[in-house]
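This report describes how the elements of one protein model pack together.

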Amino acid sequence: MYRTYNEDVLHFIDTGKKMYIQLFRVEKGQVSGKQEFTFDSQPEIVEAFIRQYYATNEIPDNLLVPTYLADHDLLEQYLTKIKGKPVSLIVPKAGQKKKLLDLVYRNVLYAADQEDQSLIHLRDALNLTGVPDVIECFDISTIFGEYTVASMVQFRGGLPDKDNYRRFKIKTVTGQDDFASMKEVVRRRYSRLVEEGKALPQLIVIDGGRGQLNAAWEALKELKLQIPMIGLAKREEEIYRIEALDPL
């Protein structure tokens, strides 16, 4: 039978740390696209996602989900009100709709497995004692050899955590000295975390080769901290480590 309705198919996996969501769009019976989302685990995040996503995206005639959600009926009423005509929030148990839901589940399961595996591979490649769930990366930039700034980006669970990005004005270095600038910003970052009693990352990535890495490591030694640290020299795609002479 020729299908004239559109439906979205949503499935999710909660690992306890991360919530992985995938959304397939089906138009007239054919899968026309998919989207992937990852969030920190928290109660009723799927329900919150549905409300936020469909506040700005086209609402289908049917939304297929794997289980009855908190406020299931209220969510259905919410989508119906925004769309202006009936929307069904369906938990399929058999048939073509269940096959579509199973397809999305296989995709979201693969995505979760791949992300977890990538951090495990990183742990093994760098010979770390644990999986680096929180990674902080530093870069130094100089404009016309005078105005020097540093940026720090953070990854959590393998994904960018933009709420924890930081920028620093270099305060103690005159002129262009990337080594001294890197040492200053690393010292400032982790002395502050220690003072505030906040958690430290499991891996620090320094933009640069042996010189930048050694400078940053000096800052950690002054603070009496032991955090795994590497230098990433992008030109040759080499990774420098404190404990090894030769780069990876």
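This is a predicted model: local features need pLDDT of at least 70, side-chain atom pairs count only at pLDDT 80 or more; totals for chains, interfaces and linings use all residues.

As a general background, nonpolar side chains in soluble globular proteins tend to be buried together.

The surroundings of F138 can be listed in detail. Not counting residues up to four places away in sequence, F138 touches S151, M152, F168, M182, V185, V186, R189, Y190, I204, V205, I206 and D207.

## Helix pairs

Two packed helices are described by the angle between their axes and the distance between the axes. The two pairs are set out below.

| Helix pair | Axes come within | Crossing angle |
|---|---|---|
| α1 (residues 45-56) and α2 (residues 72-83) | 11 Å | roughly 5° |
| α4 (residues 178-196) and α5 | 8 Å | roughly 35° |

How are α1 and α2 oriented relative to each other? The axes of α1 and α2 cross at roughly 5°, and angles under 35 degrees count as roughly parallel, so α1 is roughly parallel to α2. On the α1 side the contact is made by E47, I50, R51, Y54 and A55, and on the α2 side by L75, Y78, L79 and I82. By class, this contact has seven nonpolar, two charged and no polar residues.

The crossing of α4 and α5 is right-handed. From α4, the residues F179, M182, K183, V186, R187 and Y190 meet G211, Q212, A215, A216, E218, A219, L220 and E222 of α5. The contact of α4 with α5 divides into eight nonpolar, two polar and four charged residues.

## Residues in strands

T148 lies in strand β7. Is T148 buried or exposed? T148 has a relative accessible area of 7%, and buried means under 20%, so T148 is buried. Leaving aside neighbours within four places in sequence, T148 is in contact with I140, S141, T142, K169, I170, G175 and S181.

I143 is placed in strand β6 and is partly exposed, with a relative accessible area of 45%. I143 and Q176 are 33 residues apart in sequence, and their C-alpha atoms are 9.2 Å apart in space.

## Positive phi angles in loops

Two residues have a positive phi although neither is a glycine. E44 has a phi of about 55° and lies in the loop between β3 (30-40) and α1. E44 is partly exposed, with a relative accessible area of 48%. K224 has a phi of about 60° and is found in the loop between α5 (210-222) and β11 (229-233). The relative accessible area of K224 is 75%, and exposed means over 50%, so K224 is exposed.

Terms used:
Residues are numbered from 1 along each chain as its sequence is written. Side-chain values use heavy atoms; hydrogens and water are left out. Axes are lines fitted to C-alpha atoms, for helices over the stretch in contact, and angles run from 0 to 180 degrees between N-to-C directions. Helices (H or I, at least four residues) and strands (E, at least two) are DSSP runs, numbered from the N terminus. Angles under 35 degrees count as roughly parallel, over 145 as roughly antiparallel, 65 to 115 as roughly perpendicular and the rest as oblique. Contact means heavy atoms within 4.5 Å. Ala, Val, Leu, Ile, Met, Phe, Trp, Tyr, Cys and Pro count as nonpolar, Asp, Glu, Lys and Arg as charged, and the others, Gly among them, as polar. Buried means under 20% relative accessible area, exposed over 50%, partly exposed in between (1.4 Å probe, protein chains only). A crossing is left-handed if the near helix is turned anticlockwise from the far one by less than a right angle, and right-handed if clockwise.
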